[in-house]
Amino acid sequence: MILRFSQKLGSRLKTGTLKPLPMDDAPIADWTSHLFFYDRTPYILVSNTATLYSTVLYAKGITDDSIFIVRFMPALREFMEVDGLAFAYDRFIIPRTGLIHFASTFSRSVTGSMNELIAFAQVLLADEETSPFDLGFRLNDLLLSASTTDEARDYGKPRDAFRAVIAQSSAP
């Protein structure tokens with residue numbers, strides 16, 4: 001499993017200089033994280049690098065990479081369970097957590113798309129009483145150019161792209 005941190009988040013977690021790594025062989029096990037603030041509250045957006053399927057965590061108390069893992073993994077499990085994807089977490093993510101590699105962000109298009117997701121999240125946080133958990137569901141329904149599938153090459157929703165990766169991983 002690869003966990004990628006933006007420079008801002010890496011600095012907060014005191015990871016030192018991280019090197020870029022190629023995409024994990026299993027795209028479902030490659031995640032990119034970015035720190036953002038709204039109204040002085042820190043949040044962490046964590047997105048699947050290949051599909052931008054995302055969840056959001058409160059960043060308060062997350063001060064190093066081990067705390068990040070301890071908070072992120074159960075949050076991802078809970079999020080995927082509510083989204084009807086618990087089987088994918090159990091089958092494809094848990095087996096890859098034995099060896100976790102830390103890396104810098106993968107590509108500028110992923111970082112740019114995550115910045116778009118953060119801007120939308122900040123709008124939702126300003127307009128509504130939205131929890132970080134609920135933000136993920138709204139973000140995963142946005143049309144993004146980076147979240148494409150083979151069928152829809154122009155724009156796609158992160159949730160649909162993530163489900164397509166799961167289906168591809170499940171295929172014999």
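This is a predicted model: local features need pLDDT of at least 70, side-chain atom pairs count only at pLDDT 80 or more; totals for chains, interfaces and linings use all residues.

Student: How many helices and strands does the protein have, and in which order do the elements run?

Tutor: Helices (H or I, at least four residues) and strands (E, at least two) are DSSP runs, numbered from the N terminus. The protein has six helices and five strands. Their order from the N terminus is β-α-β-β-β-α-α-β-α-α-α.

Student: What does the radius of gyration say about the protein?

Tutor: The radius is taken over C-alpha atoms, and the globule rule is 2.2 Å times the number of residues to the power 0.38. For 172 residues a compact globule would have a radius of gyration near 16 Å, and the 15 Å of the protein agrees with that. Along the principal axes, the C-alpha atoms fill a box of roughly 45 × 35 × 30 Å.

Student: What share of the residues is buried, and what share of the contacts joins residues 24 or more positions apart?

Tutor: Buried means under 20% relative accessible area, exposed over 50%, and partly exposed in between (1.4 Å probe, protein chains only). Buried residues make up 47% of the 172 residues. Contact means heavy atoms within 4.5 Å. Of the contacts with a separation of 6 or more, 58% are between residues 24 or more positions apart.

Student: How is the packing of two helices described?

Tutor: Two packed helices are described by the angle between their axes and the distance between the axes. Axes are lines fitted to C-alpha atoms, for helices over the stretch in contact, and angles run from 0 to 180 degrees between N-to-C directions. Helix 4 (residues 108-127) and helix 5 (residues 132-139) cross at roughly 125°, and their axes come within 10 Å. Helix 4 is therefore oblique to helix 5; angles under 35 degrees count as roughly parallel, over 145 as roughly antiparallel, 65 to 115 as roughly perpendicular and the rest as oblique.

Student: Which residues form the contact of helix 4 with helix 5?

Tutor: From helix 4, Leu117, Phe120, Ala121, Leu124 and Leu125 meet Leu135, Arg138 and Leu139 of helix 5. By class, this contact has seven nonpolar residues, no polar ones and one charged. Here Ala, Val, Leu, Ile, Met, Phe, Trp, Tyr, Cys and Pro count as nonpolar, Asp, Glu, Lys and Arg as charged, and the others, Gly among them, as polar.

Student: At what angle do helix 3 and helix 6 pack?

Tutor: Helix 3 (residues 86-93) and helix 6 (residues 158-170) pack at about 50°, with their axes 11 Å apart. They are therefore oblique to each other. In this contact, Phe87, Ala88, Arg91 and Phe92 of helix 3 meet Ile166, Ser169 and Ser170 of helix 6. The residues of the contact divide into four nonpolar, two polar and one charged.

Student: Which residues of helix 5 are buried, and against what do they pack?

Tutor: Pro132, Leu135, Gly136, Phe137 and Leu139 are buried in helix 5. The buried residues of helix 5 pack against strand 3, strand 4, helix 2, helix 4 and helix 6. Pro132, at 5% relative accessibility, is one of the buried residues. The C-alpha atoms of Pro132 and Tyr43 are 89 residues apart along the chain and separated by 7.9 Å. Leaving aside neighbours within four places in sequence, Pro132 is in contact with Tyr43, Val56, Leu57 and Tyr58.

Student: Where does Asn140 lie, and is Asn140 buried or exposed?

Tutor: Asn140 lies in the loop between helix 5 and helix 6, and counts as buried because its relative accessibility is 0%. Beyond four places in sequence, the contacts of Asn140 include Leu52, Tyr53, Ser54 and Phe79.

Student: Which phi values do Leu52 and Lys14 have?

Tutor: Neither is a glycine, yet Leu52 has a positive phi of about 70° and Lys14 a positive phi of about 55°. Leu52 is found in the loop between strand 3 (41-48) and strand 4 (54-58), and is buried at 1% relative accessibility. Lys14 is in the loop between helix 1 (7-12) and strand 2 (30-38), and is exposed, with a relative accessible area of 65%.

Definitions and conventions: Residues are numbered from 1 along each chain as its sequence is written. Side-chain values use heavy atoms; hydrogens and water are left out.
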